[in-house]
Amino acid sequence: MSQTTTDQSITHSTFVLERTYRASPARVFQAFADPVAKAKWFQPPADWRPEVQSMDFREGGRETSEGGPVGGPTIMYEAVFQDIVPDERIITSYVMYVDGRRISVSLATAEFRAAGAGTHLVLTEQGAYFDGPEAATMRAQGTSEMLDVLGRSLEE
Amino acid sequence: MLQYQTAPLDLVYQALVDQTRRAMVERLGQGPASVSELAQPFEMSLSAVVQHLRVLESSGLVRSEKHGRVRTCRLDPRAMQQAEQWITHRRNEWERRLDLLGDYLEETSGEAAGEGSPQ
């Protein structure tokens with residue numbers, strides 16, 4: 001009996017982004033904590049519908065947003081603030097959905113480290129990303145398509 | 001519409017220029033296989049097969065794991081997986097937003113209150 005890989009598989013990934021801002025940790029933290037300030041920079045791409053957002057910034061509180069490219073899928077973000085240390089740290093766990101299908105479950109840590117008069121912001125995102133149910137078929141198709149393309153290019 | 005995210009495409013082309021390796025990749029497209037399963041259709045020594053697999057692994061197309069005495073090979077899901085595209089998207093989204101955060105902090109630096117005496 002041949003083995004099929006139709007089960008949904010998971011890819012884990014961690015990435016770290018860092019920035020230094022000429023603003024105190026208190027100000028940078030406030031840009032995350034205050035919904036009015038956050039809306040000024042936490043924006044969707046230009047070709048997206050405006051996002052519907054809500055935020056209850058406290059440990060155990062939730063944050064949600066819903067939006068997506070115009071004419072494209074609906075992308076939803078649902079988060080829980082797990083750990084908040086004012087001016088220092090925010091840890092959020094969140095789930096993302098594309099057209100109602102869960103696509104990732106992640107942990108995001110934002111650290112606001114004093115750097116002189118400024119702030120060294122470190123964002124660490126650790127996620128479990130769900131492979132789509134059609135992925136096994138795509139993989140098989142993708143392989144043969146890729147080989148076709150390669151075959152053609154080698155014949156030139 | 002499939003997007004391939006394999007890095008150094010050169011290595012991929014080098015790996016696939018060989019007929020045997022293409023056949024192996026095609027077989028793995030149907031599911032994982034042990035080294036001996038992969039070797040079956042070919043009249044060549046196991047060490048030659050292993051050599052081919054090394055080239056495929058260094059191209060990033062294939063990865064293998066040994067459990068006990070069996071080495072199982074599979075296509076590296078990163079080569080053709082939606083998840084990888086999503087991860088890249090998430091990262092790029094954050095990069096964009098952090099740029100906007102920088103702009104916001106610059107624009108509001110004159111309005112900062114209760115920050116103590118300016119330096």
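These legends describe close-up views of aromatic rings in a predicted model.

**View 1. The aromatic cluster.** Over all chains, the structure holds nine aromatic pairs. Ring pairs link Phe29(A), Phe32(A), Trp41(A), Phe42(A), Phe57(A), Phe81(A), Phe112(A) and Trp94(B) into a cluster.

**View 2. The pair of Trp41(A) and Trp94(B).** The ring centres of Trp41(A) and Trp94(B) are 6.4 Å apart, and the planes stand at 45°, so the pair is tilted. Trp41(A) lies in the loop between α2 (35-39) and β2 (52-55) of chain A, while Trp94(B) belongs to helix α5 (residues 82-107) of chain B, so the pair joins two chains. Trp41(A) and Trp94(B) are both buried.

**View 3. The pair of Phe57(A) and Phe81(A).** With ring centres 5.0 Å apart and planes at 75°, Phe57(A) and Phe81(A) form an edge-to-face pair. Phe57(A) is in the loop between β2 and β3 (62-67) of chain A, and Phe81(A) is in strand β4 (residues 75-85) of chain A; the pair therefore ties together parts that are 24 residues apart in sequence. Phe57(A) is partly exposed, at a relative accessible area of 23%. Phe81(A) has 3% relative accessibility and so counts as buried, the cut-off being under 20%.

**View 4. Charged side chains over Phe42(A).** Phe42(A) is one of the residues linked into the cluster by ring pairs. Lys38(A) lies over the face of the Phe42(A) ring, 4.5 Å from the ring centre. Arg97(B) also lies over the face of Phe42(A), at 4.1 Å from the ring centre.

Key: Residues are numbered from 1 along each chain as its sequence is written. Chains are lettered from A and ligands numbered from 1 in the order in which they are written. This is a predicted model: local features need pLDDT of at least 70, side-chain atom pairs count only at pLDDT 80 or more; totals for chains, interfaces and linings use all residues. Side-chain values use heavy atoms; hydrogens and water are left out. Rings of Phe, Tyr and Trp (its six-membered ring) pair if their centres lie within 6.5 Å; planes under 30 degrees apart count as stacked, over 60 as edge-to-face and the rest as tilted. Helices (H or I, at least four residues) and strands (E, at least two) are DSSP runs, numbered from the N terminus. Buried means under 20% relative accessible area, exposed over 50%, partly exposed in between (1.4 Å probe, protein chains only). A charge sits over a ring if NZ of Lys or CZ of Arg is within 6 Å of the ring centre and within 35 degrees of the ring normal.
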